Every structure is written in structure tokens, then in C-alpha cells.
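Hi everyone, thanks for coming along. I'd like to walk you through a structure today, so please have a look at the screen.

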Amino acid sequence: MYHNNSIRILAGNSHPELAQAVAERLNVPLVPVTVKKFSNGETNVKISESVRDEDVFIIQSGCGDVNDNFMELLILISACKTASARRISAVIPCFPYARMDKKEKSRAPITAKLVANMLVVAGCDHVITMDLHASQIQGFFDIPVDNLWSEPLMIGYIKREIVGWQDGIIVSPDAGGAKRVTAIADKLGVEFAIIHRKRNGKSLSAPEHMEILVGDVKDKVAILVDDMIDTGSTLMLAVKTLHERGAKSVHALISHGLLSETNLSLIDELPLDQLVVTNTIPQKQHQSLCKKLVTIDVSPTIAESIRRTHNGESISLLFGEWAETTGVEVL
């Protein structure tokens, strides 16, 4: 008798809340997994149910203790491989080491390529991720990679929650984000602007400032869009620059809110209406420290991508009609 394989969802310790939300949307229970450490720091994994001949999805984000969480993911993949899973998909909402995608200077590592190699060697057959820092990371893999976008969620949020967006301007805090902001600006039918960050002198310790290279923000609703916030220094400079140039109000929409070195109390003091991030990274702790922080739920997008992958349906529809008809959920 032919066994019709089913979806099996496993979760590591990086973001259990997101994994639970995805599982509930798919009406599939999480496979019981015990992930713990030996006294010497080594990771031990125990999968309590059979995954033989099943379609396995392992949800683990690149946040918190990134190295430990990534090692957990590799061990979970290897455990499923040796347990005869039919297909193993790594669902990595925030891809680790994504900023190290090229050689910035001599003898620098391309660590994102190393991460890709390790996933494949561990036994991964497919990767689902979200808003890669650089799209070329998909080319580091010899297996299928689905790079989901939070762009439709952000456009939905702008239309529903930002008053006066029709008179707005989409702003990129650096030249590297020009493609992202022009795509959003085109879909909203508004203008875009690009800011350039530079030092006041040649010394590394010299103070920095920002210049608006393209666009005019005076008397407009400025909407900053970026893929990642870590230290928050770029955001703070950009917000102050936009405010000084006469922006009516300033909003920031950022895909991955790492906020690992950000003094969140300073964000509350900025002339910023709200800082909107997604829950690819756990945000509960950050929200308690910053009143202006708003979190958009990406679990519907991830759950739908898993369902479509399992059924062999198109993923690209997630960025078209499906995205437009699905509401934006704020946590």
C-alpha cells in the first residue's frame, strides 16, 4: 500500500513561538523534539516521533545565539536524514551570516557560502528563507531556495495603518536598498528617496552624517524601508536627517529586527512615529522596552509557503493575488 507522505514540522530553540504559530495555521501538530546541551556544551537532539518517508520542515531562525542555533539546525537535519525522511526543508526566516555574502577586503571570508555548504552537507533538500540581505545568496546553493518577501505585508501595513501615505515618500537609508524602495514606491504610486551615509573626515572615529542623494522629503510622510536593523545607528542618523529636512512624519519598516546592540530607549526619544519589524526574530522582549515598536506577523506567509511546497504549487503567487487579499496581522 502506497503511503501518502504528510507535513511534519520540527522546531529548534531559536523561535518556538513562530513555529507554533505556523503549525497552528497548517493545523499540523509540532513533532516533539528535545534539544538540550551536554555539560561540555555539545548539542543533543532527540526526535520523539517517526519521520520516515515524511515531508519534513525544520523551523529555525538565525537569531539569539546564532552559532548554537545554527548547529541545532544542522543536527536536526542530519537526524531526519538518517531517520529516512523523504524530503527535508530548512525554514530559516532570518538567514544567518547573510551580511557576509562577498569579500569586502583581502582575506575576508564569504561565510554565507559556508553556511550554504554546511546545510547541503547535513542533508538539506530545500531552503525557505525571508528577505535575504543579498539575493545572490540563492546562487550559493545547488538545491532549491525560496526567498520569501515581506514587501507585500509592508505595502499592506502602509495602506492600512499609515495616515497620509498617499502623500508619502519611500526612503532607503543606503544606496544598496534602492531596488527595494523603488519597487515599493512603484506599487504604491509614490516617490522615493535615497540617503547616503558619510564621515566628516578620513578618520574612522570621525562623526558621521547623512545626505539625501535623490528625492525631496519636505512636508511629506517619510517611510524608511530596510532589510535589517542591528545597532540602530543608521536608523537614528536617517530619522534625524529626514526630520531636519522637513519631513511631516517619519515611519520605519524593517524586515529583520535584530536590535542586538540597539539602545531601545533612544528610539523612543527619536522624532519617529513607529518602528515596524516582522517576527522573523522574537520581539516580545524588545516590545517591552520600546513603545514605538510594532511587530508584523509573518507566520501566514511561511505557513502558506510550506503548504504550497508540500503540494507542489507555485510559490510566486504568494507575492501576487494571495498577498493582496490576505490581511496584515500585528502582534
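**A salt bridge, a hairpin and a helix pair**

Let's start with Glu 49, which forms a salt bridge with Arg 8; their closest N and O atoms are 2.6 Å apart. Where do these two sit? Arg 8 belongs to strand β1 (residues 7–11), while Glu 49 is in the loop between β3 and β4 (55–59), so the pair ties together parts that are 41 residues apart in sequence. Please keep in mind that this is a predicted model. Searching the whole structure gives 18 salt bridges. As a reminder, side chains of opposite charge can pair when their charged atoms come close.

Next, the hairpin. Strand β2 (residues 33–37) pairs with strand β3 (residues 43–47) in the antiparallel sense, over five bridges. One detail to look for: Lys 37 has Thr 43 of β3 as its bridge partner. Five residues lie between the two strands, and in this hairpin Gly 41 takes a positive phi near 95°.

Now over to the helices. How do α4 and α5 cross? The axes of α4 (residues 151–161) and α5 (residues 178–188) come within 11 Å and cross at roughly 45°. The two helices are therefore oblique to each other, and their crossing is right-handed. On the α4 side, the contact is made by Glu 151, Ile 155, Ile 158 and Lys 159; α5 brings Ala 183, Ile 184, Lys 187 and Leu 188. What kinds of residues are in this contact of α4 with α5? Five are nonpolar, three are charged and none is polar.

Methods. Residues numbered from 1 in each chain as written. Predicted model: local features only at pLDDT ≥ 70, side-chain atom pairs only at ≥ 80, totals over all residues. Heavy atoms only, no water. Axes fitted to C-alpha atoms, helices over the stretch in contact; angles between N-to-C directions. Helix = DSSP H or I, 4+ residues; strand = E, 2+ residues; numbered from the N terminus. Parallel < 35°, antiparallel > 145°, perpendicular 65-115°, else oblique. Left-handed = near helix turned anticlockwise from the far one by under 90°. Contact = heavy atoms within 4.5 Å. Nonpolar A, V, L, I, M, F, W, Y, C, P; charged D, E, K, R; others polar. Pairing = 2+ DSSP bridges. Salt bridge = Lys/Arg side-chain N within 4 Å of Asp/Glu carboxyl O.
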